[in-house]
Each structure stands twice: as C-alpha cells, then as structure tokens.
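My entries follow in the order in which I worked.

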Amino acid sequence: MSFNNLDTLYRQVIMDHYKNPRNRGTLADESVTIDMNNPTCGDRIELHLQVEDGKVKDAKFEGEGCSISMSSASMMTQAVKGKNIEDALKMSSIFSKMMLGEDVEDVDFDLGDIEALQGVSKFPARIKCATLAWKAMEKAVAVDEEE
Amino acid sequence: MTIKAIREQFPILNQEVNGHPLVYLDSAATSQKPLSVIESMEAYYKQHNSNVHRGVHTLGTRATDQYEGARDKVKNFINASSTEEVIFTRGTTTSLNTVAYGYARHVLQEGDEIVLTEMEHHSNIIPWQQAAKYTGATLKYIPMEADGTITLDSVRSTVTENTKLVAVTHVSNVLGTINPIKEIAQIAHENGAVIVVDGAQSVPHMQVDMQDLDCDFYAFSGHKMCGPTGIGVLYGKKALLEEMEPVEFGGEMIDFVGLYDSTWKDLPWKFEGGTPIIAGAIGLGAAIDFLSDFGMNNILEHEQQIANYAQEKLSEVDGLTIYGPKERGGLVTFNIDGVHPHDTATVLDAEGIAVRAGHHCAQPLMKWLDVTATARASFYLYNDESDIDRLVEGIQRAKEYFGDVI
C-alpha cells in the first residue's frame, strides 16, 4: 500500500470536517442525548438529536476521536438535519452498505460529503470509527420514539 | 546470536506488509512465536495427543509427562518453591480473576481495603472492583508521580492495617514503568495484606524470582512470551492456595465425588477443572526453553537498549510527546501533536510498521495522562535499532502527511 492508497482514506473533505467540524456543540433539554463509544479504541461521541413532527430539527455532537470518527460525526449531523426520520434511517443503512464496500451510486439520495468516506471500506480496522456517529443517530431515533 | 539469526526463528517476520518489509512493534499486545514453539505443538498433535491424568495407555502417559514437564519448566523459570504453586490458566486475566473469586471474595469484609495503582490494566482493576462490590471492601489507589512512577513513600502512606490486598502491575503496559515489587510486597506484608502482581509485561522480558520477590500471587500469559494464546499461569504461595476454594468445578479437579458432596484433588490440580490446555502448556514450555537459551537478563538488556535508542530518536522529533519514565521496560508510548493515534497507526501500517493505538485497556491511566488514546511501540528480542529508524521515518511521514492534508 502506498501513500496513494492512504489518500483514498484521508480525502481532503474528510480532513476539512475533522479540522472544522460542523454542528459541534450541545442542544437544550428537549433533545435526546446519546453517549456512545468504541470500547476497543476510546473514540467517544455525545450526540444531541432534536426530533419534531417526524423530522430531525437539529443535531449536534461532542466527543473525541480520530479524524475518521469525528469527520463522520460532522458529516452525519449535516446530512440528517432537516430530513424526516425515515430518510435519516435510510441514509444510515446506505452508509452501512458503503462501509461494506457495496456500490451505492444508484441510490436516490444526494450523499454529498458522506461519499468521501467510501475509502474507509478498504481499511477494515477503521470502519467502526466511521459508523460510530450513525449508530448513535439510530439509537437516538429509537430512544425518541420510546419517549 | 545475531538479530538476523533470531529473526529466522520467527517465520512470520519474514514478510512484506503493504509493500514494505514488516516491522513488528506490538509485542506488548502479543509476541510472535518461534519455530520451536510452533513445532512443539505440532509434534504433540501429530504424535502424542491424548488426555492427561487418566488413560493408562502410552499416549496418555506421554501427554501427561509433557504437560507436567511444562509445569516444571515454569516452576524453574520463575523460581517457585514447588510445582504445586504453578497453576495453568487461560492467561493473566483468568489468573487474576481466580484470585478475585477464589480468595478475595471469601476473605474480604466490609471496611477492608484493596490497594491498586492508577497504571493498572483493566484486568487488574475490574476483578477488584467487582470483589469490592461483593464484599463491601473499598478500593484505594497509590498516587503516581508526574513521570508515571510510584514511590515507596506513597505506597507506605496508602497501605494501612485495614488493607487486605494490594494488586499492582510489575511493568506498566503503557508507561513501561518497572515497579519495585519486592519492596511493595514487604510493605504489604508488614500491614498484614497479600500482594497480587500482574506480571503480563514482566515475565516475558526479565528474570522474575517468586521466592526473592516474595509475592503471594503472580499472574502472567504465555502468548506475550513467545508461547501460544490461551495459556497462562497463576503462581500462588502454597499455604494460600490450600486455603482457597476452587473456582471451576467438574472433571479433573476432584478427588472423591458423592451424590451430595465431593472433595478436591491436591494442588495444583484442584484449580484445573476440565481437560486442561495441554498443547498450550507444551507450547509455553517450549517458549521457556527458547527464552532461557538467550537468558532473561540479556533479553532485558537488549530491549532497554532499544527503548533508550527509541526515546533518544523520538525526542528529536518536533511535536511529539513521549509518556512515562526514562527508566523503563521495552516499550515507548507517544503521541504526535494534532494527529490522533489511530491516524498515526494507519499511516505507519501503510509503511509496514505495526504499532498499537488506543487506550491499551488502561482507561483510568489515559485519564491520568489527560489523553483519550496513545500510540505504542513495543519491542522484543527480534527487534533492533533499525526497526526504530523505520519507526521514526514512518512518524516523519505521518507528520508530513497530516501536515499536508490538514
């Protein structure tokens, strides 16, 4: 593997989200807060999700981790904001497929920045970093539905 | 023996990873295995495989002789008083849990103290947390100095007459700190406490002498000392082991079994319920032979030389933090400013260099260091300075790479 392969992992847009995370912060009480970590490596995300009328009204995150986990969290919050729950969950399953290396070009959604994470699928040890934020989002939606 | 000759004993090291010759710097997680260990287990399965302590047939005798022969090798290697004090387990974690279940939960009472250090691996924290919850005992931690060592004064001021158990690592898997076990054992004993030592990072790399250290319990793993996974050792002083109840019940560990009550075999077998890890013990025995040929003092000296060289070379790299004391075992833990250790490890892997990145099963220590994770390069007898040069080059590449991308 050369540095060219590394470039498929560390794309410019990923580094931009890592250095300038979108939606970093917390939300007030009416949101659902989910703490999730990768116990094997120490990455941690605290996701705040505000759901109203079946829509993700706002999403913010705090946490610590590598460039992949933090940029993925930034991209995820950006992607699901304003989406209805059904679409947010659909995106999450598309993201899982992407991490398995499946072709996701034909999907109905404009994946935007998220597509940059496609290269992670070639680095099996790093897939868990990328999926952490999405798992937190799924859990937040489930918790919100229970409440 | 030259490094080249040593490396030839480890077939796995002779390969390219991601287009570069492999540099394996993760022996603190698990060591590689020499041919003699691999072949000893292969020979056992091809020629001698049988269950131990039962069959009257020839293979059964051979398997038993080899299994008990391995115990004898362990006894000599760590200078235990007798083979009765050497219990085969699945590894350090199982050994420590055996003491927590078989000893601590029976002996501790409300008001008793368990004393630990903040540099412990999770496997030497959680069994005691659970034992404390079960018995009402409390946990106390010996404070650390800024360089990641503990002083005997701190040990003396933490261990009191209420302390019944002191659990401490011999060598830190993150900082490389070598703790003064003999002196800590003495302080524990003066206060009427027993000492339990996590030897996972010491036994593979240095001479340990149970009778000299005077530890009550000492735990280590085979796979970190050139042996196979799934085998480890619990050393315990005979008088304490005799007092203890077995933790696992079933075949192999019994003397007489009735419908309503049973009695146990003598030591060490009362702690080895079920068919034991026969091939694993034989592999561990072969690993002990292999290490003994080099001499543990030579191995320690070799590793400390590499660790010193690594500290020297890494300290010349701008924007790099090294954790732990100067005097240390064969590992160096570090972080590159602004680069997460996972990212460092991924770039190093692309260069064929294997290091560990993460919290190293020491979350309280990460908190103490005020980091979420670190990168760690750890060494063994098959490493030399050229591996460190490759590591430093790799770190420079990581710095350049992230400097460019960021």
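**Around strand β17 of chain B**

I began with β14(B) and β17(B), which pair in the antiparallel sense over four bridges. I kept in mind throughout that this is a predicted model. Within this pairing I found B:Phe334 facing B:Ala375 of β17(B) as its bridge partner. I then turned to strand β16 (residues 356–358) of chain B, which runs antiparallel to β17(B) and is joined to it by three bridges; here B:Gly358 stands opposite B:Thr374.

Next I asked how many residues of β17(B) are buried. I counted five of its five residues as buried, and the cover extends to both faces, with B:Thr374, B:Arg376 and B:Ser378 on one side and B:Ala375 and B:Ala377 on the other.

B:Asp370 has a positive phi of about 60° although it is not a glycine, and it is exposed, with 6 other C-beta atoms within 10 Å.

**Helix α12 of chain B**

I looked up the burial of helix α12 (residues 341–350) of chain B and found 10 of its 10 residues buried, so the helix is largely enclosed by the rest of the structure. Among these buried residues are B:His342, B:Asp343 and B:Asp349. After α12(B) comes B:Gly352, with a positive phi near 85°.

**The two domains of chain B**

The domain assignment of chain B gives domain 1 (3–25 + 296–405) and domain 2 (38–293). I noted 29 Å between their centres, taken over C-alpha atoms, and a contact that takes 22 residues from domain 1 and 22 residues from domain 2. On the domain 1 side, the elements that give two or more residues are α11 (296–315), β14 (331–336), α13 (363–369) and β17 (374–378) of chain B, and α11(B) gives the most, with six residues. By class, that side divides into 12 nonpolar, seven polar and three charged residues.

**The largest nonpolar core**

Which residues touch the most other members of the largest nonpolar core? Of its 158 residues, I found these to be A:Ala133, A:Met137, B:Val166, B:Ile195 and B:Phe217. Helix α10 (residues 278–294) of chain B supplies the largest share of this core, 10 residues. Domain 1 and domain 2 of chain B both give residues to the core, so it lies between them.

**The seven-stranded sheet**

I traced an open sheet of seven strands in chain B, in the order β4-β10-β9-β8-β7-β5-β6, with mixed pairing. At its edges stand β4 (86–89) and β6 (138–142) of chain B, each with a single partner strand, so one side of each is left without a neighbour in the sheet. The twist averages 20° from one strand to the next.

Inside the sheet I looked at β5 (residues 113–117) and β7 (residues 163–169) of chain B, which run parallel and are joined by three bridges; B:Val115 stands opposite B:Val166 there. Of the helices, α3 (residues 58–78) of chain B lies across β4 and β10 (232–236), running at about 120° to β4(B), while α5 (residues 126–135) of chain B lies across β5, β6 and β7, running at about 145° to β6(B).

**Backbone exceptions in two loops**

In the loop between β9 (217–221) and β10 of chain B I found B:Cys226, whose phi is near 75°, a positive value in a residue other than glycine. B:Cys226 counts as buried, with 28 C-beta neighbours inside 10 Å.

**Contact between the chains**

Last, I checked where the chains meet: 20 residues of chain A are in contact with 16 residues of chain B. On the chain A side, α1 (3–9) and α2 (12–19) each supply at least two residues, and α1(A) gives the most, with four residues.

Conventions: Residues are numbered from 1 along each chain as its sequence is written. Chains are lettered from A and ligands numbered from 1 in the order in which they are written. This is a predicted model: local features need pLDDT of at least 70, side-chain atom pairs count only at pLDDT 80 or more; totals for chains, interfaces and linings use all residues. Two strands pair if DSSP finds at least two bridges between them. Axes are lines fitted to C-alpha atoms, for helices over the stretch in contact, and angles run from 0 to 180 degrees between N-to-C directions. Two residues are in contact if their C-beta atoms, placed from the backbone, lie within 7 Å. A nonpolar core is a set of buried Ala, Val, Leu, Ile, Met, Phe, Trp, Tyr and Cys residues joined through C-beta atoms within 7 Å. A residue is buried if 20 or more other C-beta atoms lie within 10 Å of its own, exposed if 12 or fewer, and partly exposed in between; C-beta atoms are placed from the backbone. Domain bounds come from an automatic or database domain assignment. Ala, Val, Leu, Ile, Met, Phe, Trp, Tyr, Cys and Pro count as nonpolar, Asp, Glu, Lys and Arg as charged, and the others, Gly among them, as polar.
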